[in-house]
Amino acid sequence: MASDPAGDEGGGCRLRSICGGCDSDPDVVLRRLDTNTSAPTAPQSALPSPSSSSFPNQQEPRLLFLSPNPSKQQARKSRKPRDQPPALAESPPFLGPGMASNVAVTGNAGSGADGDAPRRNRPKYSKFTQQELPACKPILTPKWVVSVFFLVGVIFVPVGVVSLLAARDVVEIIDRYDHACVPPNMTDNKLGYIRNQTISKDCTRTLRVKKDMKQPIFVYYQLDNFYQNHRRYVKSRNDAQLRDYKKANQTTSCEPERFTADGKPIVPCGLIAWSLFNDTYSFTRSNENLTVDKKDISWKSDREHKFAKNVYPSNFQNGALIGGKMLNASIPLSEQEDLIVWMRTAALPTFRKLYGRISVDLKVNDTIIVKLSNNYNTYSFGGKKKLVLSTATWLGGKNEFLGFAYLIVGGLCIFLAFAFTLLYVIKPRKLGDHNYLSWNRHPSGR
Amino acid sequence: MGGDAQGGRGSRRRKRKMIMSKLYTYAACARRPSAVDDEGSRIGGPGFSRVVHTNDPAAAAAAAAAGYYRSNKISTTKYSAVTFLPKSLFEQFRRVANIYFLITALLSYSPIAPFRGSTAVAPLVLVLVATMVKEAIEDWRRKQQDIEVNNRKAKVFQDGAFTQTKWTKLRVGDVVKVEKDEFFPADLVLLSSSYDDAICYVETMNLDGETNLKLKQALGVTSHLQDDESFAGFGAVIKCEDPNAQLYSFVGNIEIEDQQYPLSPTQLLLRDSKLRNTEYVYGAVVFTGHDTKVMQNATSVPSKRSKIEKKMDGAIYLLLSSLVLISVIGSVFFGIATKDDLRDDGRVMKRWYLRPDDTTVVFDPKRAATSAVLHLFTAMILYGYFIPISLYISIELVKLLQAMFINSDIHMYHEESDTPARARTSNLNEELGQVHTILTDKTGTLTCNSMEFIKCSIAGTAYGRGITEVERAMAKKKGSPLIADMEIAVDQPAGRSVVKGFNFADERVMDGEWVNQESSGVIEMFFRLLAVCHTCIPEVDEVSGKVSYEAESPDEAAFVVAARELGFTFYQRTQAGVSLHELDPLSGQQVDRFYKVLHVLEFNSTRKRMSVIVKDEEGKTFLFSKGADSIMFERLSSSESSYRESTQKHINEYADAGLRTLVLAYRQLDDAEYAKFDKKFTAAKNSVSADRDELIEEAADSLERGLILLGATAVEDKLQKGVPECIDKLAQAGIKIWVLTGDKMETAINIGYACSLLRQGMKQITITLDTPDIIALEKGGDRAAITKASKDSVVQQINEGKQLINESASESFALIVDGKSLTHALKDDTKGMFLDLAIGCNSVICCRSSPKQKALVTRLVKAGTHKVTLAIGDGANDVGMIQEADIGVGISGAEGMQAVMASDVSIAQFRFLERLLLVHGHWCYSRISSMVCFFFYKNIAFGVTLFLYECYTSFSGQTFYNDWSMSLYNVLFTSLPVIAMGVFDQDVSARFCLKYPMLYQEGPQNLLFRWSRLLGWMLHGVGSAVIIFFLTIASLKYQAFRSNGQVIDLSTLGATAYTCIVWAVNMQMAITVNYFTLIQHICIWAGIFLWYVFLLAYGAITPSFSTTFFMVFSEALGGAPSYWVVTLLVSVAALIPYFTLSVVKTWFFPTYHNKIQWLQHVAKDDDPEAELGMILRQFSVRSTSVGISARRDAKLVRVSSKGLPC
């Protein structure tokens, strides 16, 4: 034990040997032993001096010797005494094995007599209470630092490449139509155009497929500068009402779209539902109708738990101000998927929402005619409207940022790994050099 | 009288009474201060209005009913059942953060709240309740101790007999009987005692820390009340001063049968002192409970707050103001955006979907300014996440656990007294790591308060192989095996039992061997002197025949014991003289000798010597004298000098070894000379003139001349084990140590030497008023003149001292101040310069200081240096300073619990201070600092993402995350690892903490909680938030994030960002922590794991509660690879800056603990410690100038400068 194969604490412990076998503090071993003291009472000189009774004030017991377990003594002897923590090295190291006892022989009458007096207040020894749990003490050694950076780099670069490839696989057609669909004579008064009910909002757009697109092809509309995440907007709904037909009257927090002018509760109430997007699209490819599948475009949990099958729209969009799309009052909310999608408020002012799915492969150079009705007013707040056709991979839609970010971070790590290696080679630091133990760097001594 | 029941013991007792009477007649305590008379006239006036009807139950009951006097019940608790709720709540809301959260919680039920009210209230309630529970538990413990004290039993005279009553039931006016070794239950006026002359002995250890017995004497008029029955018809009225805190003054009179007799402190028995050597006393209760002088001295328990916590408050103010700042910015933008929504007088709506035409004031474009102001509140509620609400409670929890570790440290457990360390108030743990000055009591703290005769020098030969603590410590440092071997020889004498007060071993003189020594005649005289020249009283154990002694001071006892052990047993003292068993050198037999004591020339601080004049059986008259070397050497006869020099050399050696030395000398008087002296002395004693003392002095002085030197004694005021080493370590750690003691200056200086606070070569600056001119003035009695002269003298001495320091910068200085000077030095106009002087000195010793002065000095240091002070003491006299200091440490295990009760930490021995400060203190400090920094980091990282998101919602106050998930951020997902770090982290192992004491300086210099570090962490928080937020939103923008086309929305993006934060913060913890145990693993992984559990569990419950997070993980995120890929990217990216920076820092700009960590990492056991120690000392802040190491270094310098090999 005394030879202490594990070496000094921390000595054998690097971070790589992750936290387990690093208990190598020799004192721990020693202490564990001395708690098991059950040595018999010392045979010699245990009698208190009779004269001690003349000093009733002097409670401090006169120690003849205080000796821990002999094995500890032995162990200590073979270690260099100066390495002991001073609090431990309190017993004079003269007792040989066999003579030892853990009884403090005191001059106090009484405690000497009953020998191994119970130590009621002695703290229990455990590695936990003595704060000696086996632990790893991570140190930023050059080897360690370089390998961590290198490892991160090695992992990140491939992930980045894969992500980038996935994003490149996605084919995306984006068509901004809010501008183009305004009749040329109304470009100066777009607001007048969109507000004027008498003007036909129909519009035709031609899209060219640049690359083969495998089905399913997702149809999105994208709005810009639309604050679906505005607090007033987000709050303006009542989930209970949507979920339970009995709670149709519950319109709290739906202001200002709670009641109709004659005081009837609106279902679904609130600004979100009221401002439902109402542009529509239909697609044809060389006279072939491409059906847009609008089923299952919303989250299943929404359909099943948030929008009930037996709640029907009522009093919806019959006020003075019509916000957006009308709802068919005979279809339950759970089937009004456009509404459900819309009601999942977007996080950012630029967002896409799923419009439907086209289950036909599109070939390169196909021309797609989009017939749309441009009803939704984005002109008053200067928002853009875009129609997006996109495929998706395992990683989702087209966004090369993730891949590039991985490559950059990975590259940076590899660079740092080299940089630190270089630094270490050029300016090696002698570890544990005592000359580094200087306080002079902090002259603020007082 | 003694009573028939005492029977056979009566005669012996009577003898002792007589002896005691004989002794106290020349003891100074019987003298009454002349000031009493003029004070007596003030009785009945303001401040002296107390009227006590003694032994009058009716009056006592009436007074109690009228609430005139306080009951004898004491309470040291902070709260009572009634005041607990308001008072503890008040304490809670003294913290700005809590007030802030209260306002937030109240506002969160209004429409301006960004989230549900309950989510804001719940954390606050949790935090408040947890804190209050902790307070309640702590106060309960205090109450338990009070109950124990209050329920002690006392004997009270009721209905013609003394009956056992609880202390609480005691009323003013009751007559109580206190028996030997009992505590006085209240302040009593002594009526009578078991002695005929109504004296009693009192131990005031709990009050002033002095263990020597004090003599009290009742008035003659009541001294006849010697048995229980005599109180039946007794009645008296005591008029006295009102309760006050002055322990040593009492003004009053007692009226018995229409006769008034003045009372003085001599009649007052103070609560918490103890009756000794007296069978029983009767006393009348005058002050009870909190009116007693002890309790009056105990100032109310101040609630101490640590420096870190104060600074933390500063940081919270900073956060609050930055919070307000960003709120204002947000509000301005919000106001602009809102105003813009309605144009052309409301005809055109910009963001029509928000219906700006039909809105409440919160979003009203027409009243955009008001809306903006309201939004300010919204923002401040929202950004409340900047302020770590759980910080305080987490810190308290952590400190509680840290305290538990302190309590259970087996290295701070004292085996002999079975006492472990106790951290009593846990909120100062980290302050233990920042101590700048330690103010320590001496008696019972540094020393065990026992004297041991250890060496002597007789006729120029040094005897005694005992080794003092100091020598041992120095030897250990040097690694000399010689001393260790010698120690064995001494500590293990074959078959010899250990004798208290005697640690002398030398085969040349022990066991009668001295007769064979060359100068046996001198040795015989030496021992005889020890056995005769004292004022001790022997007590012969009738069974064993062993003699033990009762002495005024432990030193005296040590001498008599030494004489006994060396064959000169003093066994009897009578009125006439002393009887000895002596070893006759000629016959080698024990013979009994009687010495007639003719006169005792008592010891006092000016004379610094004590003499007795005895006549032996042959009719020869001797003057035996012992005293301080400075005094004695000049009184030796000039002709006799054969071993004077060697004795002087020995004395110096002894002093250097930390021993108290006395020089012994004698002289034979011829009859004529004695007769002349006797006449002169008796006349002086009997004179009534003002210069009586002077006459006595003069008479004695004339006789104590031309003495023949015998030798010198060396007594060790036994230091507690390990004190010198501990002081050395503390000094190496850069902590200053001041000794504040009630002891005499000589004693204090001796102890200063013993524990290496003083050493030869150190310049001593002594400030004292024991100068001839002041003494002369004092005799004059003009108070104003005395005060003025004293003050001038003190100021002058201070200035001289300062000048001395300024002149020589290289030397080290010690400042020694006595109590009287201290009174003047602590005056408002002088204390500044006094402190300057004291700071310039390497060690400071204040002697003869009263409890109040100790507290004042502590306050001065605390206020003057703005550094952390630690006061350590064991007696009630230290309570003041313990409470005044930033940290009070009580020495437990000894008698009396006052110091411990008032302390913040109690330890059994002074030496445990080393581990307490260097290990636990440093750990706690470094842990708490890291923990607080980390708290700020994690909350800022979280709060800033909220703000950044606001930029994308036109600052409308929409939260990025689900509200319940936000309120659990601090509670569930990130707090565990931080708490684990606060409890378990170890920057450097305990062994290395002790090995490199300088590491401790990180605390006093406050390197780990500097503003730069704190701000650095805050900045890191901002950086992390920026990385997390922008990487997340850029990666998940608006495209589909799943293969089936769904796009990200508010709830999913929020959940993803939240995931990234939880990962980043917990991983940050993983790379911050220094000591990675299993617990750390569990806590870190638990934080992350809990987040996923929360996502699943919260997402699974009804959407009416979980709202946006309904099935967010199970349906949307869990199955999306992009979610996981983003998580990995963001959490790693958020860590890279910190990691890189800390690599650069530890490689090129390492802090002190970094360096030691390196050392620890590569440490080999064959490190040459000595070399290391030298290097370390060279680099220490200031070279240590106190402690063994310094002493050894100084010695090395001295030796090498003489050109001797060392």
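**Confidence first**

Colour the model by pLDDT and start with chain B. The average for chain B is 81, and 87% of its residues score at least 70. The model as a whole carries an ipTM of 0.77 and a pTM of 0.77.

Next, select helix 33 of chain B, residues 1011-1036; its mean pLDDT of 94 is the highest among the elements of chain B. Then select helix 1 of chain B, residues 9-25, which has the lowest mean, at 42.

Where pLDDT is low, the predicted coordinates should not be read in detail.

**The annotated binding site**

Select Asp441(B), Thr443(B), Asp874(B) and Asp878(B), which an unreviewed UniProt entry lists under "binding site". They are spread over 438 residues of sequence but cluster in space, with a largest C-alpha distance of 10.5 Å.

Centre on Asp441(B). This residue is in the loop between strand 17 (435-440) and strand 18 (447-458) of chain B. Is Asp441(B) buried or exposed? Its relative accessibility is 2%, so Asp441(B) counts as buried, the cut-off being under 20%.

Now show what surrounds Asp441(B). Leaving aside residues up to four places away in sequence, Asp441(B) touches a set that includes Leu740(B), Thr741(B), Lys854(B), Ile872(B) and Gly873(B).

Move across to Asp874(B), in the loop between strand 33 (868-873) and helix 27 (879-884) of chain B. Asp874(B) counts as buried because its relative accessibility is 4%.

**Aromatic pairs**

Over all chains, the structure holds 92 aromatic pairs. One to select is Phe149(A) with Phe1139(B), an edge-to-face pair with 5.3 Å between centres and 70 degrees between the planes. The pair crosses between chains: Phe149(A) belongs to helix 3 (residues 142-169) of chain A, and Phe1139(B) to helix 38 (residues 1121-1148) of chain B. Phe149(A) is buried, with a relative accessible area of 2%. Phe1139(B), at 12% relative accessibility, is buried as well.

For another edge-to-face pair, go to Tyr100(B) and Phe101(B), where the centres are 5.4 Å apart and the planes 70 degrees apart. Tyr100(B) is buried at a relative accessible area of 9%, and Phe101(B) counts as buried at 9%.

**The annotated N-terminal domain**

Select residues 52-119 of chain B, the range that UniProt gives for "domain: P-type ATPase N-terminal" in an unreviewed entry. The end C-alpha atoms of this span lie 62 Å apart, and the span is 50% helix and 4% strand.

**Lysines over rings**

Finish in chain A. Which residue lies over the face of Tyr355(A)? Lys294(A) does, at 3.2 Å from the ring centre. Then select Tyr193(A), where Lys201(A) lies over the ring face at 5.4 Å from the centre.

Technical notes: Residues are numbered from 1 along each chain as its sequence is written. Chains are lettered from A and ligands numbered from 1 in the order in which they are written. This is a predicted model: local features need pLDDT of at least 70, side-chain atom pairs count only at pLDDT 80 or more; totals for chains, interfaces and linings use all residues. Side-chain values use heavy atoms; hydrogens and water are left out. pLDDT is the predictor's confidence in each residue, from 0 to 100. Helices (H or I, at least four residues) and strands (E, at least two) are DSSP runs, numbered from the N terminus. UniProt positions are given in the numbering used here, feature names are shortened, and annotations may be inferred rather than shown by experiment. Buried means under 20% relative accessible area, exposed over 50%, partly exposed in between (1.4 Å probe, protein chains only). Contact means heavy atoms within 4.5 Å. Rings of Phe, Tyr and Trp (its six-membered ring) pair if their centres lie within 6.5 Å; planes under 30 degrees apart count as stacked, over 60 as edge-to-face and the rest as tilted. A charge sits over a ring if NZ of Lys or CZ of Arg is within 6 Å of the ring centre and within 35 degrees of the ring normal.
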